[in-house]
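Student: Can we go through this model together? I'd like to start with charged side chains.

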Amino acid sequence: PGLILHRATPQSGIGRIVGPNGPAPYWAYVWAGGLALAQHIRCFPDLVRGRIVLDLGAGSGLVGIVAGQAGAARVIAADIDPLARCVTGLNATANGVRVDVHDDDYLSHPEQIAATGASVVLVGDLFYDATLARRSLAALRMARDAGMTVLIGDPGRTDLPFDQLVVVAEYPVTDMGIRPDSPPARGLVLTLPPTDP
């Protein structure tokens with residue numbers, strides 16, 4: 001509630017970007033993991049307040065925008081899709097939040113995450129594909145091992161490595177493709193446990 005986001009609706013004009021027969025881009029929908037993560041940050045703003053936050057695979061910028069509203073010292077939103085980066089900037093401006101948009105591919109170069117100065121890494125919905133899930137997990141492990149707090153939002157997709165994560169919270173949320181009058185989906189917030197000493 002209270003957020004302004006460019007989304008896939010009949011009035012949105014997204015067809016001008018993708019063409020009349022093209023599917024709406026992934027960032028034009030609200031995904032369950034991002035919603036759960038955003039809700040968690042709203043419930044626990046101290047997780048990000050005064051800290052540098054990296055929103056990895058930012059999509060529409062939802063999670064980073066909420067982190068900015070919660071008082072993050074700086075928000076870095078990274079996505080490899082140029083349209084996602086563009087809409088993240090538009091959404092941040094529409095919500096009165098400053099977000100630094102990066103095109104860095106941190107999943108291909110996870111060692112560069114530390115150079116952002118972030119102490120919190122937020123990831124919504126990056127475990128929807130087996131290959132992407134492996135790359136995401138490797139990058140997030142590296143971030144955790146560098147001392148960063150890692151929070152993941154996901155509805156419990158097949159490729160989510162439950163055996164390597166700890167569930168922190170669960171929220172009822174909607175998900176892309178679910179009609180507004182459907183029962184809510186389960187949005188999980190998870191973290192990587194610390195490594196054994």
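Student: Is R144 buried or exposed?
Tutor: R144 is buried, at 17% relative accessible area. Buried means under 20%, exposed over 50%, partly exposed in between (1.4 Å probe, protein chains only). This is a predicted model: local features need pLDDT of at least 70, side-chain atom pairs need 80 or more, and totals for chains, interfaces and linings use all residues. Residues are numbered from 1 along each chain as its sequence is written, and side-chain values use heavy atoms, without hydrogens and water.

Student: Which residue does R144 form a salt bridge with?
Tutor: D145, with the closest N and O atoms 2.7 Å apart. A salt bridge here is a side-chain nitrogen of Lys or Arg within 4 Å of a carboxyl oxygen of Asp or Glu.

Student: How many salt bridges by this rule?
Tutor: Seven. One of them joins R157 and D154, at 3.1 Å from N to O. R157 is buried at 18%, and D154 is buried at 0%.

Student: What about R135?
Tutor: R135 meets D105 in a salt bridge, 3.9 Å from N to O. R135 lies in helix α5 and D105 in the loop between β3 and β4, so the pair ties together parts 30 residues apart in sequence. Helices (H or I, at least four residues) and strands (E, at least two) are DSSP runs, numbered from the N terminus.

Student: New topic. How many residues has the largest nonpolar core?
Tutor: It has 28, and I41 and A67 are among those with the most contacts inside it. Such a core is a set of buried Ala, Val, Leu, Ile, Met, Phe, Trp, Tyr and Cys residues joined through side-chain atoms within 4.5 Å.
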